[in-house]
Amino acid sequence: MQSSRRDFLKLAGVSALGLSAGTLGFLGEGARAADALPTATDFAKPSTAKRWAMVIDTAKFDDALFKKCIDACHSNHNVPEIEGKQQIKWIWTEDFEGAFPTERPAYLAEEQEHRKYLLLCNHCENPACVRVCPTKATFKNNEGLVIMDYHRCIGCRYCMAGCPYGARSFNFQDPAPHIKNINLQYPHRTRGVVEKCTFCVEKLAQGKLPLCVEASGGAMVFGDLTDPNSEVRKVLKHKYAIRRKPDVGTEPGVFYII
Amino acid sequence: MYNAKFIIPGLIIFIGLALFPFIKGAGQPELKVETEKPKEAKECVLPKEKIRDVHMVLLNEWRDDVIRNGKRVYTSENGKQYNMSLTNTCMGCHENKDKFCDKCHNEVGVNPYCWNCHNTSPVKKEGEK
């Protein structure tokens, strides 16, 4: 059969569409298989560090990757989707001005100015939220993670006032009805407590990486800041990275390669 | 005694009311709560009598150990190891909260708020009740 160039192009177009259909997702992703329940053996080899830290390579991110990282976190930790002022966020995006309000570069390069930046709890060295929490519901553990004990939180929101990064959200209402697919293995929160990112402390205890880092495919790096051979230190050795609001003196644990 | 005609009948009525639950309960058969036992698991993290008495204490200790101390593995008396988790360990065996937990809690009138956050039945599929 004689085929014209036109026919060939048509065929190629349809094939390309078919190939991309899977990634675009309109053929439907496979139903998320239920993970096995974690047992004691899963916690046999935890990842440990003196001070956990994260490096985010902001140039490697696009909207799709942002969504992938945010979805990985929010769907696993049962973060509700609420619009408006009662929004709950563990990990979110912001423009340069919003992310780094104290950096005031004149005539900022357009690429950096129009880029979005992935924000999350900075797990600071001197966390203001810990200092102001009257019940010690928020505390810093011995690996440098700022953790919340929701059982002890009385919802006074001092920590939200104290946090210079807006990394905490308050549950003004029961979050359960706003969670689309509840991950039954992880508790959701209740009305009247503050919540935030935990650097996936429950994954670190199983020797895994935080979910957003895993989803980012190398755009985020995670490791021990005190260990010169760790992934984060290797990256920081070669790249110029900034932190949010360095002048407030909280010593954030999240670094941004600009 | 002043006002004996009021005080003595009043005292009798008070004692009668105070003793009423005991009088009414006398001779009744002992209270029995039938809970649904896990089908697959044969042993609990503690012996049956002990877990019945101290499960709330144990869960409090687990919560503090996991969240505040980062200790996530519990070794039971016979040396078996468990993941310290209400949702993933307890509810993994005791699948049905209504037929196990609530049976006793309703009977004795306690209302723990564990399930405001901790999801029930992790092994069950979505939409199943």
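## Helix α2 of chain A

In this predicted model, helix α2 of chain A is followed by A:N78. The phi of A:N78 is positive, near 55°.

The helix itself covers residues 63-76, 14 residues in total. An α-helix has 3.6 residues a turn, so residues three or four places apart point the same way. The buried residues of α2(A) are A:L65, A:F66, A:C69, A:I70, A:A72, A:C73, A:H74 and A:N76.

What do these buried residues of α2(A) pack against? Their partners in chain A include two strands, β2 (91-95) and β3 (116-120). Helix α8 (211-216) and strand β8 (220-224) of chain A are also packed against them.

Side chains of opposite charge can pair when their charged atoms come close. The count over all chains comes to 15 salt bridges.

One of them joins A:R189 to A:E195, with the closest N and O atoms 3.0 Å apart. Are these two residues buried or exposed? Both A:R189 and A:E195 are buried.

A second pair is A:E251 with A:R243, at 3.1 Å from N to O. A:E251 has 37% relative accessibility, so it counts as partly exposed. A:R243 is at 21%, and therefore also counts as partly exposed, since buried means under 20%. Chain A also holds a network of salt bridges, which links A:R51, A:E125 and A:K140.

## A salt bridge in chain B

In chain B, the side chains of B:K80 and B:E43 form a salt bridge, 3.3 Å from N to O. The pair links distant parts of the chain, 37 residues apart. B:K80 lies in the loop between β1 (73-75) and β2 (81-83) of chain B. B:E43 lies in the loop between α1 (4-25) and α2 (48-67) of chain B.

B:K80 counts as partly exposed because its relative accessibility is 42%. B:E43, at 39%, counts as partly exposed too.

## A:T198, a buried loop residue

Where is A:T198 placed? It sits in the loop between β7 (194-195) and α7 (201-204) of chain A. Its relative accessible area is 7%, so A:T198 is buried.

Leaving out residues up to four places away in sequence, A:T198 touches A:W90, A:H123, A:L145 and A:Y150.

Definitions and conventions
Residues are numbered from 1 along each chain as its sequence is written. Chains are lettered from A and ligands numbered from 1 in the order in which they are written. This is a predicted model: local features need pLDDT of at least 70, side-chain atom pairs count only at pLDDT 80 or more; totals for chains, interfaces and linings use all residues. Side-chain values use heavy atoms; hydrogens and water are left out. Helices (H or I, at least four residues) and strands (E, at least two) are DSSP runs, numbered from the N terminus. The expected span of a helix is 1.5 Å times one less than its number of residues. Buried means under 20% relative accessible area, exposed over 50%, partly exposed in between (1.4 Å probe, protein chains only). Contact means heavy atoms within 4.5 Å. A salt bridge is a side-chain nitrogen of Lys or Arg within 4 Å of a carboxyl oxygen of Asp or Glu.
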